[in-house]
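Thanks for making the time this morning.

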Amino acid sequence: MNLSQQELKNWNQFLTRVNDDLDPEESEAWGTKLKLVDISPNQITIGGINHFFSNWIKEHYYSFLRNRLIDCFEKKENEEIFRFNIHSNTETKENSKSVNTFVNSSKSSNKHSDGLNPNYTFDNFVNGENSEIAYAAAEAVGEKITDSKYNPLFICGDVGLGKTHLIHGIGLKAREKKADLKIRYASSKEFTNEVINGIRFGGIHEVRNKYRYVDLLLIDDIHFIEKKEATQEEFFHTFNDLIQNNKQIVITADRYPREIKNLEERLVNRFNSGMVARINPPNLETREAIIRNKVEDTGLPIDDKTINFIAASVKTNVRDIEGILVNIEANWSLLGQDISLETVKRILKEVLNIENNPKTVDNIIKLVADKLQVKTGDIKSNKRDSEISRARQIAMFTAKEVTNLSYPVIGKHFGGKNHTTVIHACKKTKERISEDAELRQVVTSIIRDLSN
Ligand code: ADP
Ligand code: MG
């Protein structure tokens with residue numbers, strides 16, 4: 001099968017959407033196992049599942065899957081000829097694996113009804129200086145649920161930094177310590193929906209029973225109850241009940257309690273009354289450790305240099321790192337491509353729009369030329385057209401700002417210009433920048449694009 005990059009993307013999107021929509025049990029049973037076997041303009045063949053499930057899907061999920069295929073592969077709804085087949089036990093390639101190896105499914109799919117995801121253990125969490133405090137507090141709470149020092153524990157941090165992972169880790173650890181502990185995990189969205197439905201359809205007592213009679217309550221992403229007054233009211237009482245009865249509460253949010261707008265003051269105060277721990281973005285070393293940890297068991301042939309390259313490029317969050325690894329794995333297992341540095345660079349560009357821009361003068365010239373739509377060669381030339389010399393001056397200024405090079409050395413990179421030309425360019429550009437907001441933005445964005 002010859003898969004284009006676009007088709008691979010579509011397929012990944014399809015898998016993600018299907019598994020987001022399925023119940024955890026269905027997702028676990030067959031949703032995450034689906035594999036792309038063949039694709040042609042009007043037919044897609046899916047495999048990877050056994051005979052039983054292929055029949056099951058045909059019977060119950062045919063249009064569910066077909067609609068999502070139509071969406072993700074941008075097929076036309078009325079395209080009668082579009083069909084899809086399901087084969088049982090078909091492998092695409094020998095080394096083919098589930099594309100989702102790196103992503104701990106966000107679904108809980110265990111026999112417990114506490115909502116915990118068995119993959120989000122403390123063991124699977126790579127702890128760095130960015131997460132030290134949150135991790136230590138989480139571990140302490142998980143170890144000693146009935147008498148912890150940190151109650152409530154409030155974990156905050158930007159998206160994709162491991163808050164959900166840690167809050168599940170606490171639940172899993174607590175369950176491991178004491179199997180009969182009553183644990184309840186819910187996102188604040190779920191909580192909100194249940195409260196709203198409870199009020200509307202007269203089932204608020206069940207909601208109360210569900211959340212107030214537990215030993216450990218884990219509420220993820222509390223910031224979603226911003227503005228939801230009835231939910232806040234309900235949560236406030238739940239919170240007080242539990243704390244009064246010495247039950248443990250753990251909450252996560254994408255910011256500090258005080259920064260959640262429209263959160264009632266009394267809730268802010270309650271949250272601040274315990275331990276508030278922030279997770280920060282991981283540094284380079286930790287990012288490398290996270291990548292190593294994630295590729296360890298997968299057999300993905302990826303060398304140190306490439307790991308280092310990914311770690312240096314993806315600085316934002318761990319979810320993005322996982323996304324890149326999923327794509328690298330797919331390129332390897334579905335397309336049979338080697339994991340060369342070139343492949344990785346292309347994937348970084350395609351998936352996260354990350355381009356590696358070293359702070360070299362040549363690269364600066366290229367970036368400036370792209371932004372201002374002039375030719376690289378013209379910048380290095382002696383042409384005196386106003387647009388070109390302006391771009392040249394901006395490039396010289398940027399080079400002086402972001403490199404440690406001297407004026408004469410910078411001049412050399414511009415086709416052998418004199419150092420006085422560079423000095424003049426820097427002075428001139430500085431003046432322009434102070435007057436021209438648009439130019440200021442252009443220069444700032446170029447400097448920002450240059451990686452550290
Ligand atoms: P958040 O809830 O903060 O948005 P998640 O907990 O959902 O982030 O993390 C996103 C993904 O990254 C998850 O699959 C999680 O397992 C993984 N992850 C985050 N931080 C770490 C870490 N320090 N070590 C290992 N995996 C991590
Ligand atoms: Mg989360």
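In this predicted model, the structure holds one cavity of 30 Å³ or more, and the space in that largest cavity comes to about 40 Å³. If you want to find it on your own screen, the residues that line the largest cavity are Gln5, Leu8, Lys9, Asn327, Asn331, Ile347, Glu350 and Val351. Two or more lining residues come from each of helix H1 (5-21), helix H13 (318-333) and helix H14 (341-352). Sorted by class, this lining of the largest cavity has three nonpolar, three polar and two charged residues, and at least three of its residues are drawn from each of domain 1 (5-99) and domain 3 (284-352).

Let me turn now to the pockets, and to one of them in particular. The second largest pocket holds about 500 Å³ of space, and of the 21 residues lining this pocket, Asn353, Glu355, Asn357, Arg448 and Asp449 are the closest to its centre. Which elements give two or more residues to that lining? They are helix H12 (304-313), helix H15 (361-372) and helix H20 (437-449), and among the contributors H15 gives the most, with four residues.

In terms of domains, the lining of the second largest pocket takes at least three residues from each of domain 3 (284-352) and domain 4 (361-451).

Conventions
Residues are numbered from 1 along each chain as its sequence is written. Chains are lettered from A and ligands numbered from 1 in the order in which they are written. This is a predicted model: local features need pLDDT of at least 70, side-chain atom pairs count only at pLDDT 80 or more; totals for chains, interfaces and linings use all residues. Side-chain values use heavy atoms; hydrogens and water are left out. On a 1 Å grid over the protein atoms alone, a cavity is a set of points where a 1.4 Å probe fits but cannot get out, and a pocket is an open set with protein on both sides within 12 Å along at least five of seven lines; lining residues have an atom within 4 Å of a point. Grid points are joined across faces, edges and corners, and a volume is the space filled by probe spheres set on the points. Ala, Val, Leu, Ile, Met, Phe, Trp, Tyr, Cys and Pro count as nonpolar, Asp, Glu, Lys and Arg as charged, and the others, Gly among them, as polar. Domain bounds come from an automatic or database domain assignment.
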